[in-house]
Amino acid sequence: MRVLVTGGAGFIGSNFVHHLVGQQDVVVTVLDKLTYAASRASLDGLPTDRVSLVVGDVADQPLVDRLAAGHDAIVHFAAESHNDNSLTEPGPFIQTNLVGTFCVLEAARRHGTRLHHISTDEVYGDLELDDPQRFTEATPYNPSSPYSAAKAGSDHLVRAWVRSFGVKATISNCSNNYGPWQHVEKFIPRQITNVLDGRRPKVYGTGTNVRDWIHAEDHSSAVWTILQQGRIGETYLVGADGEHNNLEVVALILEHLGRPADDYDLVADRAGHDLRYAIDSTKLRDELGWRPAHPDFGAGLARTIEWYRDHESWWRPHKAATEAAYEVKGQ
Ligand code: NAD
Ligand code: DAU
């Protein structure tokens, strides 16, 4: 199977490429623009006869057409992914997440290529802390940020191309991922590397916001399952029952690294900050038999902390500029 992975030099895309290489008879082409969020080093050590990198833009229609023609499937991860950046400069989010997805869809339509579109639980907006409901495939769309609105729009484009043009696509909406190769702008790697650097973790607002954490390896296995067995036109929610508020996560990081429990700062809140996400992944589990292999968040977080401790050369080049940008915003 020849699989084109857009955004494969980013966090989840690179985890997915490592996962794919573990499958037999899969050859991978990564299409990645290598934005600030990418790292070639995340693909180091992979067999060069099975993984190749094309540096380019998903919004470059002729390029995406040419690549789609030579592949059996496209898994579309490429996106601007960070909510905070979408609040300071939304333009690239519209261009890549909407126009880029449009170009991928047009290429899949012209060449009959199977497509799996990677999306997020943020398209559903947020939940109250005490709401017994979790997001399901039937939850109405209600995005809050420029990032999540652009992702919501991309999901609608995919559904329209399935219905109007018969594109063979599936969609997955996953909760917050953690694991190796995540950029230090994101919550968990930022706080781990802050502590490793002798800084205090920076928690937005009151720290009571809840995220539903899943290991990136489990997201990868879910995507591979859907690509192979998912019903065309269907959406599957991906989650591993990992709800924790931000203070709980910081407490685990501080404890693992031997620092006092109160050694963090509360900083300026994010505008429009979603309160809580929670995923009900019953459909994926019942219909396709998927289960997470890493359901213990504490154990997965401990391994992730050790990964960042062991891979300083991977994250160090991005740390100073990331912190300088946060400092300007009082975060
Ligand atoms: P990331 O920011 O780490 O990586 C994005 C990758 O896309 C980078 O390698 C970047 O260079 C590439 N890219 C950006 N614009 C491009 C363009 N125009 N053309 C080609 N490549 C481009 O993001 P991530 O966290 O790995 O997220 C990947 C996907 O998963 C996104 O679609 C995101 O919406 C979705 N998602 C993320 C999470 C999460 O917790 N991080 C959860 C659910 C869904
Ligand atoms: O739910 C899926 C989404 O998860 C994905 O679609 C996004 O691409 C991904 O970035 C992530 O979005 P979040 O905004 O939830 O992730 P982030 O890591 O930015 O923040 C997680 C929580 O931590 C959120 O409540 C904001 C808070 N936070 C974040 C940072 C960077 C802090 O308290 N301090 C921080 O320094």
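Around ligand 1 sit 28 residues, and those that come nearest are Ile-12, Asp-32, Ser-81, Tyr-147 and Lys-151 (a residue is near if one of its heavy atoms lies within 4 Å of the molecule). This is a predicted model, where local features need pLDDT of at least 70, side-chain atom pairs count only at pLDDT 80 or more, and totals for chains, interfaces and linings use all residues. Residues are numbered from 1 along each chain as written, chains are lettered from A and ligands numbered from 1 in the order written, and side-chain values use heavy atoms, leaving out hydrogens and water.

By class, the shell around ligand 1 holds 13 nonpolar, 11 polar and four charged residues (Ala, Val, Leu, Ile, Met, Phe, Trp, Tyr, Cys and Pro count as nonpolar, Asp, Glu, Lys and Arg as charged, and the others, Gly among them, as polar).

Then there is helix α6, residues 187-196, which is mostly covered, with nine of its 10 residues buried (under 20% relative accessible area, 1.4 Å probe, protein chains only; helices are DSSP runs of H or I, at least four residues, and strands are E runs of at least two, numbered from the N terminus). Among the buried ones are Phe-187, Arg-190 and Val-195. After α6 comes Gly-198, with a positive phi near 80°.

Note on methods
Buried < 20%, exposed > 50% of the residue type's maximum accessible area, 1.4 Å probe, protein only.
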